[in-house]
Every structure is written in C-alpha cells, then in structure tokens.
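Here are some questions and answers to work through with the sequence and the 3D view side by side.

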Amino acid sequence: MTQILPLYLNGEWTQSASKRWIANLNPATGQKLSEVPCATPSEIERAIAGAKEAFQTWKEVPVPDRARLLQRFLHLLKTHHDDLAETLSQETGKVFADAKGDVWRGIEVVEHACSIPTLMMGETVENVARDIDTHTLLQPLGVCAGITPFNFPAMIPLWMFPLALACGNTFILKPSEQDPMTPVRLIELLHEAGLPKGVLQLIHGDREQVEPLLTHPDIRAISFVGSSTVGQHIYRTGTQHLKRVQCMTGAKNHMVIMPDADMAQVIPHLVGASVGAAGQRCMAISVAVFVGSARAALEPLKEALAEVKPGLWNESDAGFGPLISEPARQRVLKLIGLGKQEGANCLLDGSAFMREDYPLGHWVGPTLFSEVTPEMTLYKEEIFGPVLLAICVETLEEALTLINANPNGNGTSIFTNSGGAARYFQHHVQVGQVGINVPIPVPLPFFSFTGWRNSFYGDQHAYGKQAIRFYTETKTIISRWFHQGEEVQGPNLTIQMR
Ligand code: NAD
C-alpha cells in the first residue's frame, strides 16, 4: 500500500498541504512505496519558527537529560534494527545485510552522542595571571539544518541530528526525496523516545525546499551531504548568508595495490569496496591503481567481479541491488558508453544486465575497465555505479601523483606488506581518510569523517569532536575574585605585561 508521507512539525505528524508530490519507488520492482510532499513555504516557515521557539527551552535542559533522551532513542533503534533495515532495503534496493550496516553505522553515532556530558566539557586554566582563572563553555548555536543524500538514509541523518540535539540545538531535517521513509521511521522512534515538541522538525522535498534553509536568518548552521556541485552551491549560499556550513561531498577513491600485497586479500576487498551497494557509496573504491607486477591481479579480479550478482534485497545470493533510479542508471550507462568510445578497455561489461522477472529494476551489473587515463570522462566524473576502473603504473610515486592530481580527497587505501611504502603513502597522499590494507577507511564516530579538497567544504567535519565544535559556540570566561583585605590598585590605563 502506498504511504502518504507526513511532515513532522512541532511534535505532530502533519499532512502537507502541498500541491507538488514526488513518487518514492522501489528501485528493484518499480512499485510505488510512498508519496513525498514538497513542503510549502508556510510549512517550512512553521518548521523554522517552531524550532526557534523550542530552542529557548531545549538549551536549558540539563545535559544528562539530553543524553537520556538519546539513550532511549538508542535503545529503540537497536530494538527496531531489522525493521528499519527492511524499510531501507525496500526504498534503496540495498541488500538486507548492507541495509543493516547502514543503520548500524548510524546507531554508533547515537552511542557516541550519549556521551555528550563529557564531549561538551570546556577547558580551564587556573592562574593565567595572578589570581585570574580562565575557562571555556561550549554553548549551542540555535536552529541548525541538515540536508541528506539518498545513499545512506539512516546513517547520514544520524551523523547530524543526534549530535546537534545533544549539544542543545534544535534541528530541521530535509532528507533525500528519493528514500525518505527511513528518516521518517527514525523520527518516529525519536518521538517515541520522548522528544520535546519542536526540537526536531522534518520537512520533505527537493532543491526547492532547501533554498529557504540556506537563506533564512533564524538558521545558524547547515550540514549537507551530497554531490559536489550541490555542495558547492550550498556552501556558497549558506556562508554568503553568514551561516556556519559543513558540506561532505563527492568522491573518486583510489586503492593502490603494491606488488608485495597479499593478492588473496586484495581481490575480495577490492570487489566488496567497488561494487558493494552498487558502487553508490561516497567511500567506494572506484579506481584500482596497480603498481608494477601487481597488474597480474587484473585477471583474477575480473573473474571475481563476474561472480557478483545483482539482485533483490532479500535474495541470499544477491551481492548488491539496483541503482536508486532510472536517471541514475541512464547516467551510469552513458559513462560506460563514453569509456568505450574514449578508448578504455571494457574487460567486464554490466551495462546489459537485466532481470527478466524485474524488468522495471534499475539494474547494472559489475563492470571493469582497464587502460583508463585521467583525461577520460569516466575517470573525471564520479560514476556512482558498480564500475571499477583499473590504471597500471610503474611506481608508488606515480600512483601518488595520480591520486594527488585528482580534485577529490575523500578516501584512499594502499594494500602492501611494506611498512615503509605504507608510511610513505600515508604521509604524502592528499586525501583525508587513508586505509592501510583496509579498503574503505570510514572512521568510527569518536573520530571525525575527514574528507579533503573537493570532497569537503567547511572547517569542522562530521561527527566526532569536530561535530561538537561545529554545533557549538565557545564562550571564554576570565574571572577574578577579590579576597578579603586585598590591596586596592589605582586605575590601570595601559595593557599589563604579565
Ligand atoms: P544530491 O546532491 O543530488 O542530493 C543531496 C541532497 O541535496 C538531497 O536532499 C537533495 O534533495 C538536495 N538537492 C539536490 N539538488 C539540489 C540543489 N540544486 N540545491 C539544493 N539542494 C539540492 O546527492 P545524492 O545523489 O542524493 O547523493 C549522492 C552524492 O552524495 C554523491 O556525490 C556522493 O559522493 C555524495 N556523498 C558524500 C558523502 C561524504 O561524506 N562525502 C557521503 C554520502 C554521499
């Protein structure tokens, strides 16, 4: 049955008055799962006004009580892990185990947010001058907003609002219009956990609903995750309107395979990291860089990739699901076609893959290209499909030059048994997250998600200590208390040398 998705405004599930609705389809079957309203300007205004009002009381809620709300939410997320993952699978097409991983990575952020009393500790130095002490407080900003992509509809909203709320802010979430049922389910659980009215508001829609968030004077900070072009627009507009903005954006992640790497380990890791989730991960490996004789791994790699079957979320032999939408599939097919035209060697071609029993599915099979050069369109673009490009070089130095010349800097990895090569690589590579014999180096939430260059616009990254900085303002207090009988000094008209 098709669901009519509600907005969540001021603690109530609200039917939108919108005249514009978007169909949310199951990407494997084409079945309509829900109708998604594009919130009206007055609904967005209500969301912002309600969040502004709620901030006045929420910021005064003691920090341990804010943590307790998150503990109850955490418990509900764990209890509903399977049903959340099922909803997520149906609207994204992810296979069930991968959908569970998406939810789990979000749960871990909530676990982290539960330690907010410790995370929000300021700093103190006694006697910065005689009898004078200094300490800092971290105080919330106000109304913050989050705009999230389709590819992790549980994890990425959970990167944002649990930490923003834990810090004492109120929050407006605008999830992807392509899979908003999972975020709705998350907010249902937060509501059940006892979320006070107005502290989190959920609006739906697309770019049109994002624009007012970027310019509204009552919004203090914007967190965005999505493509680089949209991220650049959001960063420019948000900062132009004097907001604090963090944008986690697109990627092109390289994995370097050294000749001394353990090839029995390399192949399965590379397969999983490249075509897992149909390649729709910002940390997916999309370029394998074989150094010297490591190129011999290309043939077994091709054989292993050919074994992976796209399928439905609940099919036990499915390696990954369909792409999120038909436009996404057409885009990937176009890039595969351009790769062939521009002279890359298509060793394994998944563009004709089809499931006769699910002809409306947005299927693309695993695809492998060799003889790729940096000038080719399929190298320059983020493909976001199950397509792996192979490039062969002679030295580690050449691999580093290639990676550092790519404008993106989200993730990279090296497979080697040489500590010296790994150390050299980690030091010189201009990428923010580096795996050593770990193909997808996504940090756990007590660290931060530190993409670099075109993969990130802003100063403070997602989750970890950096998110606490992002969602708070630092207040510095310098205090002096006069003790009884202290000598009174005359007026001091100059800056004192200590
Ligand atoms: P997208 O940029 O199309 O959409 C992201 C969000 O922005 C959605 O909520 C969408 O409604 C909104 N949006 C779309 N166009 C807009 C516009 N012109 N103005 C304002 N808002 C707009 O991204 P997507 O296709 O949903 O997600 C895939 C992208 O996200 C990939 O590029 C991927 O690399 C990136 N991503 C990055 C990270 C990271 O941490 N760096 C993590 C996940 C995904």
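Q: Is glutamate 315 buried, partly exposed or exposed?
A: This is a predicted model, and in it glutamate 315 has a relative accessible area of 23%. Buried means under 20% and exposed means over 50%. Glutamate 315 therefore counts as partly exposed.

Q: Which residue forms a salt bridge with glutamate 315?
A: The side chain of glutamate 315 meets that of its partner at 2.8 Å, N to O. Glutamate 315 lies in the loop between H11 and helix H12, and the partner in the loop between strand E15 and strand E16, so the pair ties together parts that are 40 residues apart in sequence.

Q: How many residues apart are arginine 295 and glutamate 394?
A: The side chains of arginine 295 and glutamate 394 meet in a salt bridge of 2.9 Å, N to O. The pair links distant parts of the chain: arginine 295 is in the loop between strand E14 and H11, and glutamate 394 is in the loop between strand E17 and helix H14. They are 99 residues apart.

Q: What is the distance between the closest N and O atoms of aspartate 349 and lysine 340?
A: Aspartate 349 is partly exposed, at 38%, and lysine 340 is partly exposed, at 38%. The two residues form a salt bridge. Their closest N and O atoms are apart by 2.6 Å.

Q: Are H2 and H4 roughly parallel or roughly antiparallel?
A: Helix H2 (residues 63-79) and helix H4 (residues 96-113) pack at an angle of about 160°, with their axes 9 Å apart. Angles over 145 degrees count as roughly antiparallel. H2 and H4 are therefore roughly antiparallel.

Q: Is the crossing of H10 and H11 left-handed or right-handed?
A: Helix H10 (residues 263-275) and helix H11 (residues 298-306) pack at an angle of about 55°, with their axes 10 Å apart. That makes H10 oblique to H11. Their crossing is right-handed.

Q: What is the phi of arginine 453?
A: Most residues other than glycine have a negative phi. Arginine 453, in strand E21, is not a glycine, yet its phi is positive. The value is about 45°.

Q: What accessible area do Val125, Val128 and Ile478 have together?
A: Valine 128 lies in strand E6 and is partly exposed, at 38% relative accessibility. With Val125 and Ile478, Val128 forms a nonpolar patch on the surface. Together the three have an accessible area of about 270 Å².

Terms used:
Residues are numbered from 1 along each chain as its sequence is written. This is a predicted model: local features need pLDDT of at least 70, side-chain atom pairs count only at pLDDT 80 or more; totals for chains, interfaces and linings use all residues. Side-chain values use heavy atoms; hydrogens and water are left out. Patches are made of residues with over 30% relative accessible area and no salt bridge: like charges are joined within 9 Å, nonpolar side chains (Val, Leu, Ile, Met, Phe, Trp, Tyr) within 5 Å. Accessible areas come from the Shrake-Rupley method with a 1.4 Å probe; for residues, only the protein chains shown count as cover. A salt bridge is a side-chain nitrogen of Lys or Arg within 4 Å of a carboxyl oxygen of Asp or Glu. Helices (H or I, at least four residues) and strands (E, at least two) are DSSP runs, numbered from the N terminus. Buried means under 20% relative accessible area, exposed over 50%, partly exposed in between (1.4 Å probe, protein chains only). Axes are lines fitted to C-alpha atoms, for helices over the stretch in contact, and angles run from 0 to 180 degrees between N-to-C directions. Angles under 35 degrees count as roughly parallel, over 145 as roughly antiparallel, 65 to 115 as roughly perpendicular and the rest as oblique. A crossing is left-handed if the near helix is turned anticlockwise from the far one by less than a right angle, and right-handed if clockwise.
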